[in-house]
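Dear colleague,

Please find below the sequence and the structure that I am handing over to you. My account of what was found follows directly after them.

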Amino acid sequence: MEKKNILITGKNSYIGNMLSQYLEKEYKVQLLSVRGTGWKKEKFGEFDVVVHCAAVVHKKEKRHQKEDYIQGNYQLTKELAEKSKKEGVKQFIFLSSMSVYGLEEGVVGKDTKAQPKSLYGKSKWLAEKALQAIESKEFQVVILRLPMVYGKGAKGNYKKLVKLAVKIPVFPAIKNQRSMIYIGNLCELIKKVIERKARGIFYPQDREYVSTAELVRQIGKAYGREIRLVKWMNPFAFLCMKSRVGKKVFGNLVYQKGISECGLNGGLGNGPGEGIEYQIIGFQESFF
């Protein structure tokens, strides 16, 4: 059987590069930069699947940057999807974000409504709606609402935690819960989604919730450092939780376990997504 041909956008992105390495063992894979307009000259007809990883992210949000987010996360996604559909691509996989819910703390269930607050979340939500508007029987759309992605070399908030873990000897012993997904588990999910020709919205996460304190401790361990989790620092952590950044570090924000088990709403219940096993690497194992 001829190998599927996969196009991944985001030539310099962490997820794009890791996914390319993961998929190239079984598929023909091409990474594409979508900066500028040069990508519009590419022929998409030779590809079975487009995985859109490129995004505008991790910028300090200011009013004058609104257009960057709208152009980079909404308009670009819309144009890529329209071109993909027009030229015969069968499946379009979009990396969205848990931020479409606009929550800093809480539990996200299958009935939780998207109410994005940040420019990043709003632009991802607009892109989701644009994709759903052009979806058809011949053009399958997959939306992955990602929590924080972690793994060696990961960027964003994980990179900040790494910088912290290589400097500090102690960290607050706060037992919070966060939904996160290890890069290897995310790559496995995308691989299975392609294999199954799945469609719909997925809410991926690791099998177990992660404590920020334990994450920092494990990062330190991976770098040969022993970080002690101490309760005497907890009042400082609780004080920090009054700020938005503090809530991100020490607060609780999770997907309900059930909605991340593949099988409802395309990825979770019936149809091609049912029975997909992607949580193949445990938290402890992911660091070594």
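Two strands are said to pair if DSSP finds at least two bridges between them. Helices (H or I, at least four residues) and strands (E, at least two) are DSSP runs, numbered from the N terminus. Please note that this is a predicted model, in which local features need pLDDT of at least 70, side-chain atom pairs count only at pLDDT 80 or more, and totals for chains, interfaces and linings use all residues. Residues are numbered from 1 along each chain as its sequence is written, and side-chain values use heavy atoms, with hydrogens and water left out.

I begin with strand β6. Strand β4 (residues 91–97) runs parallel to β6 and is joined to it by seven bridges. Within this pair, Phe94 lies opposite Ile143 of β6. Strand β10 (residues 200–202) also pairs with β6 in the parallel sense, over three bridges, and here Ile143 has Ile201 as its bridge partner.

How many of the seven residues of β6 (residues 140–146) are buried? Seven of the seven are, so the strand is largely enclosed by the rest of the structure. Buried means under 20% relative accessible area, exposed over 50%, and partly exposed in between (1.4 Å probe, protein chains only). In a regular strand the side chains alternate between the two faces of the sheet. In β6 both faces are covered, with Gln140, Val142, Leu144 and Leu146 buried on one side and Val141, Ile143 and Arg145 buried on the other.

I turn next to the helices. The axes of α2 (residues 66–86) and α3 (residues 119–134) come within 8 Å and cross at roughly 20°; axes are lines fitted to C-alpha atoms, for helices over the stretch in contact, and angles run from 0 to 180 degrees between N-to-C directions. The two helices are therefore roughly parallel to each other (angles under 35 degrees count as roughly parallel, over 145 as roughly antiparallel, 65 to 115 as roughly perpendicular and the rest as oblique). The residues of the contact between α2 and α3 divide into 11 nonpolar, three polar and five charged. Contact means heavy atoms within 4.5 Å; Ala, Val, Leu, Ile, Met, Phe, Trp, Tyr, Cys and Pro count as nonpolar, Asp, Glu, Lys and Arg as charged, and the others, Gly among them, as polar.

Helices α1 (residues 14–23) and α5 (residues 183–196) have axes that come within 10 Å and cross at roughly 60°, which makes α1 oblique to α5.
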